[in-house]
Amino acid sequence: MRAIVVDPSCSVLLVRFEFERWIGWATPGGGVDPGETDEEAIRRELAEEVGLEGFELGPLVWTRTHVLELADWDGQVEHYYFVRARKFDPVPRLTWAQLNAEHVTAARWWTLAELEAADANFAPRRLPNLVRELLVNGPPEVPTDVGV
């Protein structure tokens with residue numbers, strides 16, 4: 001599960017991943033533990049990765065099937081939920097050593113202009129365009145498959 005966290009100024013919160021074959025920015029989130037609902041997983045992941053708690057979970061807006069052959073991970077099916085949140089400084093509940101073990105190395109807010117101007121890898125690859133569409137048009141009626 002992943003969350004598209006947007007603050008009142010329409011900045012989006014992203015985390016940086018560093019894998020052996022790919023380094024880039026993505027929305028916070030992760031796997032669902034046995035017995036967890038999507039909402040429980042997102043709440044846990046947002047607290048662990050960026051320190052966000054006490055938010056209202058919005059609708060499921062995107063889906064993505066991502067297959068990538070890495071040493072310790074072969075891919076996942078992702079569900080992206082829209083989350084409106086207050087602006088805050090990301091302070092993960094987990095230690096940076098724990099996050100680094102999960103390949104997470106940073107977290108920061110991005111304005112839409114910064115996203116669109118960045119020479120960086122994003123997941124999904126079209127993330128700047130997808131964020132623009134979400135901010136301009138609002139959540140889609142039916143979740144959109146955003147591809148790779």
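This report describes the overall build, the nonpolar cores and several individual residues of one protein.

The model is predicted, so that local features need a pLDDT of at least 70 and side-chain atom pairs count only at pLDDT 80 or more, while totals for chains, interfaces and linings use all residues. Residues are numbered from 1 along each chain as its sequence is written, and side-chain values use heavy atoms, with hydrogens and water left out.

## Overall build

The protein has 4 helices and 8 strands, where helices (H or I, at least four residues) and strands (E, at least two) are DSSP runs numbered from the N terminus. Read from the N terminus on, the elements follow the order β-β-β-α-β-β-α-β-α-β-α-β. The C-alpha trace spans about 40 × 30 × 30 Å along its principal axes. For 148 residues, a compact globule would have a radius of gyration near 15 Å, and the 14 Å of the protein agrees with this; the radius is taken over C-alpha atoms, and the globule rule is 2.2 Å times the number of residues to the power 0.38.

Of the 148 residues, 43% count as buried, a term that means under 20% relative accessible area, whereas exposed means over 50% and partly exposed lies in between (1.4 Å probe, protein chains only). The accessible surface comes to about 7,800 Å², and 50% of that belongs to carbon and sulfur atoms; these areas come from the Shrake-Rupley method with a 1.4 Å probe, and for residues only the protein chains shown count as cover. Among contacts (heavy atoms within 4.5 Å), residues 24 or more positions apart account for 62% of those with a separation of 6 or more.

A nonpolar core is a set of buried Ala, Val, Leu, Ile, Met, Phe, Trp, Tyr and Cys residues joined through side-chain atoms within 4.5 Å. The largest one has 24 residues, and those with the most contacts inside it are Val5, Ile42, Leu46, Val50, Leu52, Phe55 and Val83. Two or more residues are given to this core by each of strand E1 (2–6), strand E2 (12–18), helix H1 (38–50), strand E5 (73–84) and strand E6 (104–110), and the largest share, 4 residues, comes from H1. Apart from this core lies another of 19 residues, which include Tyr80, Leu115, Leu127 and Val131. Leaving out residues up to four places away in sequence, valine 5 touches Ser11, Val12, Leu13, Pro28, Leu46, Leu52, Val83, Ala85 and Trp109.

Helix H1 has 13 residues and reaches 18 Å from its first C-alpha to its last, close to the 18 Å expected at 1.5 Å a residue, the expected span being 1.5 Å times one less than the number of residues. The buried residues of H1 are Ala41, Ile42, Arg44, Glu45, Leu46, Ala47, Glu48, Glu49 and Val50. H1 is followed by glycine 51, whose phi is positive, near 80 degrees.

## Individual residues

| Residue | Relative accessible area | Class |
|---|---|---|
| Threonine 27 | 1% | buried |
| Arginine 64 | 4% | buried |
| Arginine 2 | 6% | buried |
| Cysteine 10 | 30% | partly exposed |

Threonine 27 is found in the loop between strand E3 (23–26) and H1. Arginine 2 belongs to strand E1, and its contacts beyond four places in sequence include Phe17, Thr27, Ile42, Glu78 and Tyr81. Arginine 64 has its place in strand E4 (residues 56–70), and its side chain reaches the backbone oxygen of glycine 147 at 3.2 Å.

Some backbone angles also deserve mention. Most residues other than glycine have a negative phi, and most peptide bonds are trans. Cysteine 10, in the loop between E1 and E2, has a positive phi of about 70 degrees although it is not a glycine. Histidine 103, in the loop between helix H2 (96–101) and E6, likewise has a positive phi, near 75 degrees. A cis peptide bond, with omega about -10 degrees, joins alanine 123 and proline 124, and proline 124 lies in the loop between strand E7 (122–123) and helix H4 (127–137).

How values were computed
Polar contact = N/O pair within 3.5 Å; in protein donor to acceptor, adjacent residues only side chain to side chain.
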